Amino acid sequence: MQSYLSTTIDVYKEAAETPNVGLCCTTSPVWAFPGLKIPSRMLEMNYGCGSTVHPRDLVNEPKTLYVGVGGGMELLQFSYFNRNAKGVIGVDVVDEMLDACQGNLKIASKENDWFDQSFIDLRKGNALDLPIEDQSIDVAAQNCLFNIFSHEDLQKALSEMYRVLKPQGRLILSDPVCDQGIPENLRNDDKLRALCLSGAIPLSDYINLITGIGFGTVEVRAKYPYRVLSQNEYNLEANILIESVEICAIKDPMPDDGPCVFTGRSAIYYGVDEFFDDQKGHILFKNQPLAVCDKTANDLINLSNEDLLVTPSTFHYNGGGCC
Ligand SMILES: C[S@@+](CC[C@H](N)C(=O)[O-])C[C@H]1O[C@@H](n2cnc3c(N)ncnc32)[C@H](O)[C@@H]1O
């Protein structure tokens, strides 16, 4: 096993035995649902950097896989939407984390009438070689784990998620990204990598890896600040901002003209006609913004039509749109 992977196991063994409130997690509010009580120890062990639990992905009791279980908070949240025996599978490589998670789920079952521990199937396993059957999962999620992986291992981890998803299944990620480029000496620091502080890659590289594996649709749903690597502390030329993104990638067939990547862009037609038709399947009604993927956005810009406005990426895509 590569040294950074064994350092990662040591880091999370410790984080399982002694909750570390400042590790990884952002100050984003924890999702609350009616009738759901999250035990305080689970909150202390929230080692995520955003949320992967979105009700709009979770209709019809999806079979859910969650890789890198931490204290179990998101497993509990997912099981809120699928209350069947083994409806949610949690996989983790660290025995102590699986034990801590199991203990927290037991507390959760005492604090939540609706919850039964049998809803969650905890399995020992590695994100790089998932103990899960092909095409058996509707929603596969990971929060603040894949950023730790080297380029080759990240590709492997994403391919594993692709393998286990059913057609049209959804991969939901919450992970740090960094557009500034983190110096090699920090990238090669196993401990910093394990702490989710130096493995982050640029968002566009991350999206290219996801689409390169075959996901036909990608939604960038949120992007916000995560950490600053300070110039003084890390002996850098300038401070480095690490951000956190929430992405949903759908196992749709790859369109002939390439993937549809939604980054929060819109197009608005404001000319004299009732609507504008680009003759490629997109009709824009006057003054009604349409969410567009980057491909459609660029095609519309290339028309140089002065009655069309195409907005830049907000990285906060909220559904609907051109494809
Ligand atoms: C930063 S924590 C995130 C925990 C959880 N997702 C959350 O949001 O609180 C990383 C998790 O991944 C687990 N982990 C580390 N390496 C792993 C691997 N190779 N395969 C599966 N899980 C791994 C750790 O034990 C830990 O539970």
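This is a predicted model: local features need pLDDT of at least 70, side-chain atom pairs count only at pLDDT 80 or more; totals for chains, interfaces and linings use all residues.

## Around the largest cavity

The lining of the largest cavity is made up of 31 residues, and Tyr12, Gly68, Val69, Asp92 and Leu145 lie nearest its centre. Two or more lining residues come from each of helix 1 (3–17), strand 1 (64–67), helix 3 (73–81) and strand 2 (88–92). Helix 1 gives the largest share, 4 residues.

What classes of residue make up this lining? There are 19 nonpolar, 10 polar and 2 charged residues.

## Around the second largest cavity

Here the lining consists of Phe146, Asn147, Phe149, Leu154, Pro176, Gly199, Ile201 and Tyr206. By class, 6 of these are nonpolar and 2 are polar, with no charged residues.

In soluble globular proteins, nonpolar side chains tend to be buried together. The largest nonpolar core in this model has 93 residues, and Leu65, Phe146 and Phe149 touch the most other members. Strand 7 (residues 240–250) supplies the largest share of this core, 7 residues. Apart from this core lies another, of 15 residues, among them Cys260, Ala291, Cys293 and Val310.

Phe149 also lines the second largest cavity. Which residues does Phe149 touch, not counting those up to four places away in sequence? They are Tyr4, Leu5, Ala127, Leu128, Leu154, Ala157 and Arg193.

Terms used. Residues are numbered from 1 along each chain as its sequence is written. Side-chain values use heavy atoms; hydrogens and water are left out. A nonpolar core is a set of buried Ala, Val, Leu, Ile, Met, Phe, Trp, Tyr and Cys residues joined through side-chain atoms within 4.5 Å. Buried means under 20% relative accessible area, exposed over 50%, partly exposed in between (1.4 Å probe, protein chains only). Contact means heavy atoms within 4.5 Å. On a 1 Å grid over the protein atoms alone, a cavity is a set of points where a 1.4 Å probe fits but cannot get out, and a pocket is an open set with protein on both sides within 12 Å along at least five of seven lines; lining residues have an atom within 4 Å of a point. Ala, Val, Leu, Ile, Met, Phe, Trp, Tyr, Cys and Pro count as nonpolar, Asp, Glu, Lys and Arg as charged, and the others, Gly among them, as polar.
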